[in-house]
Amino acid sequence: MNVRAGREFLALPGPTTVPDEVLRAMHRPALDIYSQPMVDLTEGLLRDLSRLFATKGKSYIYVANGHGAWEAVLSNVLSRGDKVLVLESGSFAVGWGNAARAMGAEVEVLKGDWTRAVRASEVEARLRADKDHTIKAVLVTQVDTASGVVNDIEKIGKAVRAAGHPALYMVDAVASLGCMPFEMDKWDIDVAMSGSQKGLMTPPGLGFVAVNERARAVHQTANLRTPYWDWTERDGVEHYRRYAGTPPVHLLFALRKAIDMLFEEGLENVFRRHHLLAESVRRAVAVWSKEHVLGFNISEASERSNVVTTVLIGNGYDPAKLHHYCNDKCAVVLGIGISNLQGRAFRIAHMGHVNAPMILGTLGVVEAGLKSLQIPHGKGGTEAAITFLAESVGP
Ligand SMILES: *Cc1c(COP(=O)(O)O)cnc(C)c1O
């Protein structure tokens, strides 16, 4: 028996649920790519992306996923043999660093731990030790979607500057932009990047990069530049240069609608909604963890992100069974543990177009799975989430 008829819910950290309004926005003919409406669409989006990144700097849109946007950043500011410092707190900054290595950079990983955030003091100490300033860029993710950690990007940025080091500070906001505060200029970030398919509620296929003046100056002499990613090429006068070719017209219609929805709700409310729904998930996981089979991957409560919660399963219980139960029986698609956590964890995403029924439904389904598969867990997890929401949302 199963009860999965109806809409499947993607509780995995990307791609996320695409709102019906966003889907409908794409259901129309393409624009004449040389027309004024096309130019207006592009200019409005570039302006609003800079607003989302909170920068006076320029943004760029690539027909690419997050991996493409990583490459866009690296190729524009690095030269062959440049050294980059990768701040490990899970899988994604290391993945970005691997791309840099493959492109001809020298990569040093500041060893981290999958159970905690990057320590700003360790970053400062490493940069102070780099007296000759051989490190040209520092790479970090705001939220690591594998470990579920949130890094304090402002504090790490201060540590980079406190070390008196000129390295570019480059931040991956793929999983976090549009879900929690991001302040590119205030936090002294030189380059930021993101993608369409997570907090921004848009189908996969667009990558975004925002750049400040310091990064643009370094760009002038970078020798890893290639035509497709190149900022200078994209700043050219003809409109098609913005995309180095045909614009991804329908994805742009979708993005327009998604950003309008975020601004209509108000970013403050969007961030607060993410916080409340994330906290309700954490309340449930805390209760389930009382039997010591389940547990949070991130040890410090304050370092758990508001977009995804990574839950460990121990004592020989198989997360794949829970994943199958939720998917095959109940139409909830959980994230699985990836990389270091493969076979040891599952992930609940609470990112983008999510509301109380989606999250409470997901928790209820996970709890049904824990019962059905006889995985020991504390009783009343979903109840705790309900109580938290009842209290925090108010009458
Ligand atoms: C998903 C993700 C990426 C990679 O994005 P793709 O679109 O899958 O290439 C990079 N960084 C973070 C933090 C992510 O969550």
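Start at the ligand: one of its oxygen atoms sits 2.7 Å from an N or O atom in the side chain of glutamine 197. That pair is a polar contact, meaning N or O atoms within 3.5 Å; within protein, one atom must be able to donate a hydrogen and the other to accept it, and residues adjacent in sequence count only if both atoms are side-chain atoms. On its own the ligand would expose 380 Å², and the protein buries 90% of that. Those areas come from the Shrake-Rupley method with a 1.4 Å probe, and for residues only the protein chains shown count as cover.

Bear in mind that this is a predicted model, where local features need pLDDT of at least 70, side-chain atom pairs count only at pLDDT 80 or more, and totals for chains, interfaces and linings use all residues. Residues are numbered from 1 along each chain as its sequence is written, and side-chain values use heavy atoms, with hydrogens and water left out.

Back to the ligand. A polar side-chain atom of threonine 145 lies 2.3 Å from a ligand oxygen, and a side-chain N or O atom of histidine 67 is 2.5 Å from an oxygen of the ligand. The surrounding shell (residues with a heavy atom within 4 Å) also includes Asn65, Trp70, Phe92 and Asp172. Helix H3 (residues 66–77) gives the most to this shell, with three residues. Helices here are DSSP runs (H or I, at least four residues), as are strands (E, at least two), numbered from the N terminus. By class, the shell has five nonpolar, five polar and two charged residues. Here Ala, Val, Leu, Ile, Met, Phe, Trp, Tyr, Cys and Pro count as nonpolar, Asp, Glu, Lys and Arg as charged, and the others, Gly among them, as polar.

Next, look at glutamine 142, in the loop between strand E5 (135–141) and strand E6 (143–144). Is glutamine 142 buried or exposed? At 1% relative accessibility, glutamine 142 counts as buried (under 20% is buried, over 50% exposed, in between partly exposed; 1.4 Å probe, protein chains only). Its side chain makes a 2.6 Å polar contact with the side chain of serine 176, and a polar atom of that glutamine 142 side chain lies 3.0 Å from the backbone oxygen of proline 181.

Now for the pockets. A pocket is an open set of points on a 1 Å grid over the protein atoms alone, where a 1.4 Å probe fits, with protein on both sides within 12 Å along at least five of seven lines; lining residues have an atom within 4 Å of a point. The largest pocket holds about 300 Å³ of space, and its lining has 16 residues, with Ala117, Val150, Asn151, Asp152 and Lys155 nearest the centre. The second largest pocket has a volume of about 240 Å³. Volume means the space filled by probe spheres set on the points, which are joined across faces, edges and corners. Helix H2 supplies the largest share of the second largest pocket's lining, six residues.

A few backbone details are worth a look. Glycine 14 and proline 15 are joined by a cis peptide bond, with omega about -5°. Alanine 54, in the loop between H2 and E2, has a positive phi near 60° and is partly exposed at 21%. Histidine 292 also has a positive phi, near 65°, and counts as exposed at 67% relative accessibility.
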